[in-house]
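Student: I have a model open and would like to talk it through. Can we start with the terms and then go to the details?

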Amino acid sequence: MWRNYRRAAEVFQAILLTGLPFISFKGQSALRFDLSELKLYFFGSVIWIKEFYLILAALLFFLVLIVFITAVFGRVWCGWLCPQTVLLDLTDSIAKRFGESRRKTLMRVLLIPFSALVSLTLIWYFVPPLQTMQSLFSSVPVTGFFLVQWAVIYAELAFLGRKYCTTICPYSMMQNALFDKDTLIIEYDNSRDNECMKCHDCVKVCPVGIDIKEGLKSDCIACAECIDACIAVTEKRNMKPFPGYKGNLLRPKTFWLGGVTVLVGILLAVMVYSRSEVTFLITRDSEQLPQGINRYSWSMYNNTGAPRELELSAEGEFSIIGETVLLLEPYSFKKGKVLVRSRGGKDEVVFRIEDDGVSIEKKAGFL
Ligand code: SF4
Ligand code: SF4
């Protein structure tokens with residue numbers, strides 16, 4: 001039965017999304033956006049907000065991935081992996097064990113702690129889980145976010161529920177444009193309509209309340225519940241179920257669109273992981289100083305999970321006045337200013353920062 005596979009996928013999704021903030025790489029969350037320093041911890045690396053090209057590349061990858069999954073697998077996300085579907089299915093499967101009469105009320109009760117967990121999980125993608133729990137009742141912003149999100153998530157799940165999929169969800173609205181004749185869908189076999197017992201079990205189990213016998217509707221989330229319900233009726237008669245999956249997965253579009261998706265994913269990974277371990281920027285300040293002295297503003301980004309001790313130097317006939325050994329904490333950013341004195345050099349200074357792993361040169365003008 002499809003329901004068993006779907007439950008397995010849903011439990012896997014729930015564990016993955018809730019557990020990801022607890023996985024750490026070199027002391028930091030695997031995936032977390034740090035609002036205070038505007039940086040994204042990304043599986044052992046860090047992406048700074050100034051690296052906007054990487055954010056655009058990541059968005060492009062997700063766009064291509066969505067187009068690929070939707071064009072080939074139809075609404076597999078909606079019926080099998082969407083957090084909304086997962087939460088409603090899991091709470092419903094618990095609630096229905098206590099009888100049909102109390103099912104809806106019990107589901108609404110169960111959604112209270114489930115919504116609280118979702119609210120916490122969302123915060124964990126911005127504030128580390130331990131810090132979130134410590135500041136939950138001591139930090140006004142964290143407590144406020146937690147309570148507001150909890151209330152909104154609960155209201156959406158408990159009172160809007162599956163109606164969200166057919167009325168508000170933007171992904172749902174754009175899907176039809178991506179479908180073609182070979183996209184995987186769930187379809188009723190009209191050619192055998194005269195054999196159908198018209199028991200309407202497929203309609204009774206449909207979470208969005210549609211009748212698959214009337215043809216494909218945009219409301220269908222491809223959850224396959226109607227297939228399971230029909231199997232329960234037809235297998236006793238040695239018949240095939242009337243609704244079933246229909247589509248052609250092994251077609252040229254699957255390969256070229258899948259290939260493009262993999263290529264963009266590889267490109268994104270190369271862009272993230274092939275960056276220098278340290279980013280170094282330096283510019284001359286435009287201010288009036290005694291002849292032969294210029295001031296420069298520098299900034300350094302440690303893109304790794306290891307602390308660094310970098311030495312700043314100026315080549316040739318220039319010397320740096322002040323501190324030249326700079327300590328950078330893991331995944332950190334530092335900025336500062338430095339004075340440079342000319343001992344005969346002019347027009348341009350070549351700065352270098354180096355430690356055991358990196359050596360970066362940057363040029364800046366000298367007046
Ligand atoms: S569950 Fe199957 S047999 Fe019953 S009405 Fe639906 S399609 Fe027909
Ligand atoms: S028609 Fe079938 S696959 Fe579509 S939402 Fe209803 S039960 Fe799920």
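Tutor: A residue is buried if 20 or more other C-beta atoms lie within 10 Å of its own, exposed if 12 or fewer, and partly exposed in between, with C-beta atoms placed from the backbone. By that count, 23% of the 367 residues of the protein are buried. This is a predicted model: local features need pLDDT of at least 70, side-chain atom pairs count only at pLDDT 80 or more, and totals for chains, interfaces and linings use all residues. Residues are numbered from 1 along each chain as its sequence is written, and chains are lettered from A and ligands numbered from 1 in the order in which they are written.

Student: How many helices and strands are there in the protein?

Tutor: The protein has 12 helices and 15 strands. Both are DSSP runs numbered from the N terminus: helices are H or I with at least four residues, strands are E with at least two.

Student: Is it spread out or compact?

Tutor: The protein is more spread out than a compact globule, because its radius of gyration is 29 Å, well over the 21 Å that the globule rule gives for 367 residues. That radius is taken over C-alpha atoms, and the rule is 2.2 Å times the number of residues to the power 0.38. Along the principal axes, the C-alpha atoms fill a box of roughly 100 × 55 × 35 Å.

Student: What does the domain assignment give?

Tutor: Domain 1 (2–267) and domain 2 (278–366), with bounds from an automatic or database domain assignment. Their centres, over C-alpha atoms, are 49 Å apart. The contact between them takes 10 residues from domain 1 and 6 residues from domain 2, where contact means C-beta atoms, placed from the backbone, within 7 Å.

Student: Which element gives the most on the domain 1 side?

Tutor: Strand 5 (residues 45–48), with 3 residues.

Student: On to the ligands. Which residues come nearest to ligand 1?

Tutor: Cys196, Cys199, Cys202, Cys230 and Phe242, out of 13 residues around ligand 1. A residue counts as near if its C-beta atom, placed from the backbone, lies within 6 Å of the molecule. Helix 10 (201–205) and helix 11 (225–234) each give two or more residues to that shell, and helix 11 has the largest share, 3 residues.

Student: And which are closest to ligand 2?

Tutor: Cys206, Cys220, Cys223, Glu225 and Cys226, from 14 surrounding residues. By class, the ligand 2 shell has 13 nonpolar, no polar and 1 charged residues. Here Ala, Val, Leu, Ile, Met, Phe, Trp, Tyr, Cys and Pro count as nonpolar, Asp, Glu, Lys and Arg as charged, and the others, Gly among them, as polar. The ligand 1 shell divides into 9 nonpolar, 1 polar and 3 charged.

Student: What does Cys226 touch?

Tutor: Beyond its neighbours within four places in sequence, Cys226 contacts Ile186, Cys202, Val205, Cys206, Ile212 and Pro243.

Student: Which residues touch the most other members in the largest nonpolar core?

Tutor: Leu87, Ile186, Cys202, Cys226, Ile227 and Cys230, in a core of 29 residues. Such a core is a set of buried Ala, Val, Leu, Ile, Met, Phe, Trp, Tyr and Cys residues joined through C-beta atoms within 7 Å. Helix 11 gives the most to this core, with 5 residues. Another core lies apart from it, with 15 residues, including Phe280 and Val340.

Student: Last one: is Leu339 buried or partly exposed?

Tutor: Leu339 is partly exposed, because 14 other C-beta atoms lie within 10 Å. Leu339 sits in strand 13 (residues 333–342).

Notes: Contact = placed C-beta atoms within 7 Å.
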